[in-house]
Amino acid sequence: MERNAFFDNAKLVLIFLVVFGHMIQPFIDGSSGINTLYMWIYTFHMPAFIFLAGFFAKGSGHIRYIFNLAKKLLVPYLIFQLLYTIFYYYIGKNGWQNGVFYPQWSLWFLFSLFSWHILLSFFKKVPALFSVALAVLIGVIIGYFGEIGHAFSLSRTFVFFPFFLLGYWVKEDQVVWLKRKSVKIASLIVLAVVAVAIYFAPEFNSGWLLASKSYGDLDMPAFGGVARLLVYITSAMMAISILAWIPQTHNRLTHFGTRTLYVYLLHGFLIQLFRKGDVFQVNTIYDLLGIALISAVIVLLLSTKPVQGVWQPFIEGRITILKNVFERTTGRLDNRT
């Protein structure tokens, strides 16, 4: 499918929010304002990201497709699971000894993305409306089972799957509907109302948005299903509201939206170093803006060609960038001689 600016711009904005959210997470307990901002971001940034992943999941489910998918997602997962485990051990972070099926940092996304493609091979045979309703029902029911949690990324796989499935069913001309003036106006109201609601409900557990805990762990064993439905509705409305304001035209930064996987997999090393060294403090609005600027720099830095060249063998299993650099270098040397 041919890329267009809207989707790359959206991915760039969302990966920035992923990094920024991780940067401010240590400060949420000390400030109701930062907690509100953090929770506000988490209501939509992963659902929107997963929706976009589903939009581009148009492949078939035959064995070769699944094999290539495993090579693309599970091999990097295993590589980075090992790298993060070694890194965590080196910096003395708790949890470094987690097993291979307990994803470190944000690696759950790779494991879940593979699982969503497998689930899709079955769900796409069902009419769209019914398949999404069934996925939501499973996401609601799964929270009642305390045994289903972080292991194998099972909880997040089932809870976030409806957004992936929605992305699969939505057509590009339907996405254009988000750009209507009425939708943009309504989106501003949604964004503001949710922010105010979060601010005045500080006891809301972020576990509802992270989707890795059971209702029992979230202290709502009986009515957790109702709460999850409300979270689904809120996240969907928030994702729509943010996507409505994503630019549709190419700009100087658009191409960075094609490299978000590199940022996603690599930024954790920097974030954990910052946290370990207690590098940042947030006491004023200027501190917060500074962290936002640093987050943007991290995104752009990890999206550069040199970083891609070094990490491409680990993430894509290829060396095309290094090969091209080598061929250009040797070509210049040949021309000089």
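**Note on the predicted model**

1. Phe 152 is partly exposed, at a relative accessible area of 37%. Here buried means under 20% relative accessible area, exposed over 50%, and partly exposed in between (1.4 Å probe, protein chains only). Phe 152 sits in the loop between helix H6 (128-141) and helix H7 (154-169). Helices (H or I, at least four residues) are DSSP runs, numbered from the N terminus.

2. This is a predicted model: local features need pLDDT of at least 70, side-chain atom pairs count only at pLDDT 80 or more, and totals for chains, interfaces and linings use all residues. Residues are numbered from 1 along each chain as its sequence is written, and side-chain values use heavy atoms, without hydrogens or water.

3. Phe 152 also belongs to a nonpolar surface patch of about 520 Å². Patch residues have over 30% relative accessible area and no salt bridge; nonpolar side chains (Val, Leu, Ile, Met, Phe, Trp, Tyr) are joined within 5 Å, like charges within 9 Å. Areas come from the Shrake-Rupley method with a 1.4 Å probe; for residues, only the protein chains shown count as cover.

4. Helix H3 (residues 45-55) is mostly covered. Of its 11 residues, 11 are buried. The buried set in H3 includes His 45, Pro 47 and Gly 54. It also includes the aromatic residues Phe 49, Phe 51 and Phe 55. Met 46, Ala 48, Ile 50, Leu 52 and Ala 53 of H3 are buried as well.

5. Two helix pairs deserve a look. The axes of H1 (residues 5-24) and H13 (residues 285-302) come within 9 Å and cross at roughly 130°. That makes H1 oblique to H13. Their crossing is right-handed. Axes are lines fitted to C-alpha atoms, for helices over the stretch in contact, and angles run from 0 to 180 degrees between N-to-C directions. Under 35 degrees counts as roughly parallel, over 145 as roughly antiparallel, 65 to 115 as roughly perpendicular, and the rest as oblique.

6. The axes of H4 and H5 come within 8 Å and cross at roughly 165°. H4 and H5 are therefore roughly antiparallel to each other. H4 passes H5 in a left-handed crossing. Left-handed means that the near helix is turned anticlockwise from the far one by less than a right angle; right-handed means clockwise.

7. Trp 105 lies in the loop between helix H4 (63-91) and helix H5 (108-123). Trp 105 is not a glycine, yet its phi is positive, about 45°. Trp 105 is buried, with a relative accessible area of 17%.

8. Asp 219 also has a positive phi, about 60°, and is not a glycine. Asp 219 is in the loop between helix H10 (207-210) and helix H11 (224-243). Asp 219 is exposed, with a relative accessible area of 67%.

9. How many salt bridges does a search of the whole structure find? The search finds one. Glu 316 pairs with Arg 318, with the closest N and O atoms 2.5 Å apart. The criterion is a side-chain nitrogen of Lys or Arg within 4 Å of a carboxyl oxygen of Asp or Glu. Glu 316 is partly exposed at 33% relative accessible area. Arg 318 is partly exposed at 43%.

10. Ser 206 lies in the loop between helix H9 (181-199) and H10. Ser 206 is partly exposed, with a relative accessible area of 23%.
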